[in-house]
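The following note collects several points for a colleague's review. Please read each one alongside the displayed chain.

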Amino acid sequence: MRLTASAGASSLRPQIAAHVAAKQAMRRAALRDCGQRCVYCALRLDHRSATLDHVVPLTRGGAHDPGNLVTACGPCNRLKGGMLPYDFFERHPWAGSNFVRYARSVHRALKRGARRAVSLAFARDDRMAA
């Protein structure tokens with residue numbers, strides 16, 4: 001099938017441009033709300049190195065709204081993958097501590113859950129050390 005310039009194809013370009021602009025605006029807002037840092041490892045980010053992370057992944061029922069979006073560096077975003085935040089913070093309490101500190105605009109329930117997962121993980125580590 002050959003693509004030609006038609007009225008239908010040219011009408012898609014403004015929609016695509018609007019979608020790209022909206023995504024860039026979301027990334028800038030999330031970067032600003034997270035203090036220009038990765039919310040998991042606290043690495044300083046710029047608009048080129050920042051990735052958007054859904055705290056509760058879309059595949060696990062998360063929403064695509066600002067209360068569920070944070071900025072993360074690529075390695076941390078891949079490390080978290082499709083895990084729920086509480087599972088991730090139990091495995092990596094350091095990430096949960098940074099999340100509580102830098103994820104300013106996420107839903108309150110996510111921050112409460114992060115605090116709980118981190119405290120449980122540290123308590124488990126203390127019991128194992130004793």
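Leaving aside neighbours within four places in sequence, which residues is C38 in contact with?

1. C38 is in contact (heavy atoms within 4.5 Å) with L43, L45, T71, A72, C73, C76 and Y102, once neighbours within four places in sequence are set aside. The model is predicted: local features need pLDDT of at least 70, side-chain atom pairs count only at pLDDT 80 or more, and totals for chains, interfaces and linings use all residues. Residues are numbered from 1 along each chain as its sequence is written, and side-chain values use heavy atoms, with hydrogens and water left out.

2. T71 belongs to strand β2, residues 69-72 (strands are DSSP runs of E, at least two residues, and helices runs of H or I, at least four, numbered from the N terminus). T71 is buried, at a relative accessible area of 0% (buried means under 20%, with a 1.4 Å probe and protein chains only). A polar atom of the T71 side chain lies 3.0 Å from the backbone oxygen of R37.

3. L69 and T71 point one way from β2, V70 and A72 the other way, and all are buried. In a regular strand, side chains alternate between the two faces of the sheet.

4. Strand β1 (residues 51-54) runs antiparallel to β2, joined by four bridges (pairing requires at least two DSSP bridges). L52 has T71 as its bridge partner in β2.

5. The largest nonpolar core has 26 residues, and C38 and V70 are among those touching the most other members (such a core is a set of buried Ala, Val, Leu, Ile, Met, Phe, Trp, Tyr and Cys residues joined through side-chain atoms within 4.5 Å). β2, α3 (85-91), α4 (93-102) and α5 (108-129) each supply at least two residues of this core. The largest share, four residues, comes from α5.

Terms used:
Buried < 20%, exposed > 50% of the residue type's maximum accessible area, 1.4 Å probe, protein only. Polar contact = N/O pair within 3.5 Å; in protein donor to acceptor, adjacent residues only side chain to side chain.
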